[in-house]
Amino acid sequence: MRCSSQLEVSSLLFFFSFVVLPLLLSPASTQVLADEEGFISILVSDKGLDFAKDLLVHRAVHSIIPLQLPQIERYVKIPLVGRVHVVLSNISIDGVEIDSSYVKTGEGGIVLIASGATANLSMNWQYSYSTWLVPIPISDEGSAFVQVKDMEVGLTLDLKDLGGTLKLSVQECGCYVEAISIKIDGGSSWLYQGVVGAFQGKIVSAVEEAIPQKITEEILKLDALLQDLPKKIPVGDVASLNVTFVSDPVLSSSSIDFEVNGLFTAEDQIFASKYPHRPQTTSVTCSGANEMIKISLHENVLNSASLVYFNADYMHWLVDKIPDQALLNTAGWKYIVPQLYKLYPNDDMDLNISVTAPPLVKITKQGIGATIYTDVIINVLDTGEVIPVACISLVINASGSAHILRNNLAGSIRVEHLSAFLKWSNIGNLHMLLVQTVMSTVIKTVVVPYVNLHLMSGFPLPLPHGFALGNARIRYADSGILICSNVSYKTSVLI
């Protein structure tokens, strides 16, 4: 199989095993989060399993066709002719059609069954014989076509966590053929009867052995690819999303469940985690249509991102342009802070804004909230010199909303309430109520739009190559977000 085909199949299998991650979620009642290790989890429902099964069966057929079978030869004793040496060569399965298939999951693993299948085989035949009447060897050759009927193929897969990656293995793989029909071009009727009688069982055995062997070989290749999948997803130049598995998959009768770490780390860190445990959360369900997948994220996913970007000094802004530019000149503060204008008349200003602690994100059933602590240093630009004159501490209470942008979880924030406190001043006491109004204007018109511009792109959800969310809905619960969605797959990747 070509490398690109291996990647495509691994994506399909990865959907089957990775797009499946919540902890102990069931179709009837889905908890946003449950265990104390993973912070992102995904569930594939029975509808999602059927979708993945159809993709896997379709891709599996394309991956094994054409399939070469070993040469078959034997001596056949035919009445009035005698002992005939017959060789069947270039035996190839050229096409397979699946009538029906189903998938079943449970403690025994993932079981895939394809039944009522037919397969078309082509081959070359050659015979030779001699008799006491004609001592010179007589030989002939031609082609033959075989149709395998009512074939059933079964595969049981096992998935285990192996150091943060998936270990895929074949527990059982079998093929059963009910009947075959043979059509020979060339030769005589006696040859046809001889081939049917002598080779039917061998052809059936060859098919029943070759298909499981080929499938097992492909699973071994997929296992190698799965273990090579990245353990982190880069998000810009600063952060990465840790997508290492933290436990063995949990297979119920109607879903497969995995969980991954799901926390953000700095790009130069591997598995740093400041959140070793996760509190119990209130359950919430994906009511309505039967979605294929359910992705849940704990609020600590967002808090870990907050910590990484805070430590990378990404929460610092020097504001020297605002919509109301007059507020960046001491003349604009004449009636807000009179002493500032008196000391520095008509001087330009800038505002040095720094978040002083990682913003704390809290998710409830009502939505997303955040508390942000910020210092704003007021600088006066006097004859080329930057003069800090005061520092205002802000406590910002913001609310946020999440939405799906392609396969990314994006969002936006808005300020609900802002409180201002004087931290220090070189120009005397300030009228903080008026200063708070100015600070609120700057935060809402400059900082929030800047932050929302970055939040708009979001961060990638852990979906395998080729898959896309569709008709996704977002629900909030205590400490978590639940994404209920269907999934589509790029047909171009299948071919």
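Let's start with a pair of strands: S14 (residues 293–298) and S23 (residues 480–489) run antiparallel to each other and are joined over six bridges. To find the pairing by eye, look for Ser296, whose bridge partner in S23 is Leu482. Keep in mind as you look around that this is a predicted model.

These two strands belong to an open sheet of six, ordered S11-S12-S1-S14-S23-S22, with antiparallel pairing. At the edges stand S11 (250–251) and S22 (467–477); each has a single partner strand, so one side of each is left without a neighbour in the sheet.

Now for the helices that pack on this sheet. H2 touches strand S1 (40–44), strand S12 (256–260), S22 and S23, and its direction makes about 30 degrees with that of S23. H4 (residues 299–311) packs on the sheet too, touching S1, S14 and S23, with its direction at about 50 degrees to that of S14.

Take H2 by itself for a moment. Helix H2 covers residues 46–64, which is 19 residues, and it reaches 27 Å from its first C-alpha to its last, close to the 27 Å expected. Its buried residues include Leu49, Ala52, Leu55, Leu56 and Ile64, but also Lys53 and Arg59.

H4 has 13 residues and reaches 19 Å between its first and last C-alpha, close to the expected 18 Å. Among its buried residues are Val301, Ala305, Leu307 and Val308, along with Glu299 and Asn300. After H4 comes Asp313, which has a positive phi, near 60 degrees.

S15 (residues 316–319) pairs with S16 in the antiparallel sense over four bridges, and Leu318 has Asn352 of S16 as its bridge partner.

Which residues does Leu121 contact, leaving aside its neighbours within four places in sequence? Among them are Leu69, Ile91, Ile93, Phe145, Val148, Ile203 and Val207, as well as Ser92 and Asp94.

How values were computed: Residues are numbered from 1 along each chain as its sequence is written. This is a predicted model: local features need pLDDT of at least 70, side-chain atom pairs count only at pLDDT 80 or more; totals for chains, interfaces and linings use all residues. Side-chain values use heavy atoms; hydrogens and water are left out. Contact means heavy atoms within 4.5 Å. The expected span of a helix is 1.5 Å times one less than its number of residues. Buried means under 20% relative accessible area, exposed over 50%, partly exposed in between (1.4 Å probe, protein chains only). Two strands pair if DSSP finds at least two bridges between them. Axes are lines fitted to C-alpha atoms, for helices over the stretch in contact, and angles run from 0 to 180 degrees between N-to-C directions.
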